[in-house]
Amino acid sequence: MTRATSILGLAAMATAALATSRRAAAATETAPHAFEVALSDDAWRKRLTPEQFTILRRAGTESPESSPLLREHRPGTFACAGCALPTFDSSTKFESGTGWPSFYRALPNAIETTTDTSLFETRAEVHCRRCGGHLGHVFDDGPKPTGLRYCMNGAALAFRPRGTRSTT
Ligand SMILES: [Zn+2]
């Protein structure tokens, strides 16, 4: 193989890999279904702060720059604030400059997406696989290696530093 064809081959492989990851992101979209953790609004209100309730249970969005988790740089896990399911690892967190905690990859079997057509644009809404709590949105303008940007509400997440035990 000549050098030129091997470079072309690599480019084709990279394009194929990108297409696969896009498809994989889309394939996580699931039909409405019952969630493993299902509580009444009253029960959620008891468990969550008013801000957490608005975000997780009413698909609200926190003010940009408001989350202390923006400045959380320790190794650890970001879990759903509703049901404590680990959703993102600190190794995939990056500085997006948006004012919301951002990640390029979710943990396996942690999140699901649905199409959100509010705000006059189509976005992929991200929610917790276990309790259905709204976490944020995912966009395809993220960094390598996935090209995805999970734009999360810090209030919908609970950080657990590595080496500490889950309380649930
Ligand atoms: Zn959850």
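**Close-up 1. The largest nonpolar core of the protein chain.** In this predicted model, the largest nonpolar core holds 27 residues, and those with the most contacts inside it are C80, L135, Y150, M152, A156 and L157. At least two residues of this core come from each of α3 (50–58), β1 (76–80), β6 (123–128), β7 (134–139) and β8 (149–152).

**Close-up 2. The surroundings of C80.** C80, one of the residues with the most contacts inside the largest nonpolar core, is in contact with L85, T87, C128, R130, C131, G133, L135, A156 and L157, once its neighbours within four places in sequence are left aside.

**Close-up 3. The two sides of α3.** The buried residues of this helix are Q52, I55 and L56. Because these residues cover an arc of only 85 degrees around the axis, they lie on the same side of α3. P50 and R58, on the other side of the helix, are exposed. After α3 comes A59, whose phi is positive, near 55 degrees.

**Close-up 4. The protein chain as the setting for these views.** The secondary structure comprises three helices and nine strands, which are arranged along the sequence in the pattern α-α-α-β-β-β-β-β-β-β-β-β. Of the 168 residues in the protein chain, 30% are buried. When contacts between residues at least 6 apart in sequence are considered, 58% of them join residues at least 24 apart.

How values were computed
Residues are numbered from 1 along each chain as its sequence is written. This is a predicted model: local features need pLDDT of at least 70, side-chain atom pairs count only at pLDDT 80 or more; totals for chains, interfaces and linings use all residues. Helices (H or I, at least four residues) and strands (E, at least two) are DSSP runs, numbered from the N terminus. A residue is buried if 20 or more other C-beta atoms lie within 10 Å of its own, exposed if 12 or fewer, and partly exposed in between; C-beta atoms are placed from the backbone. Two residues are in contact if their C-beta atoms, placed from the backbone, lie within 7 Å. A nonpolar core is a set of buried Ala, Val, Leu, Ile, Met, Phe, Trp, Tyr and Cys residues joined through C-beta atoms within 7 Å. The arc is that of the directions from the helix axis to the C-beta atoms.
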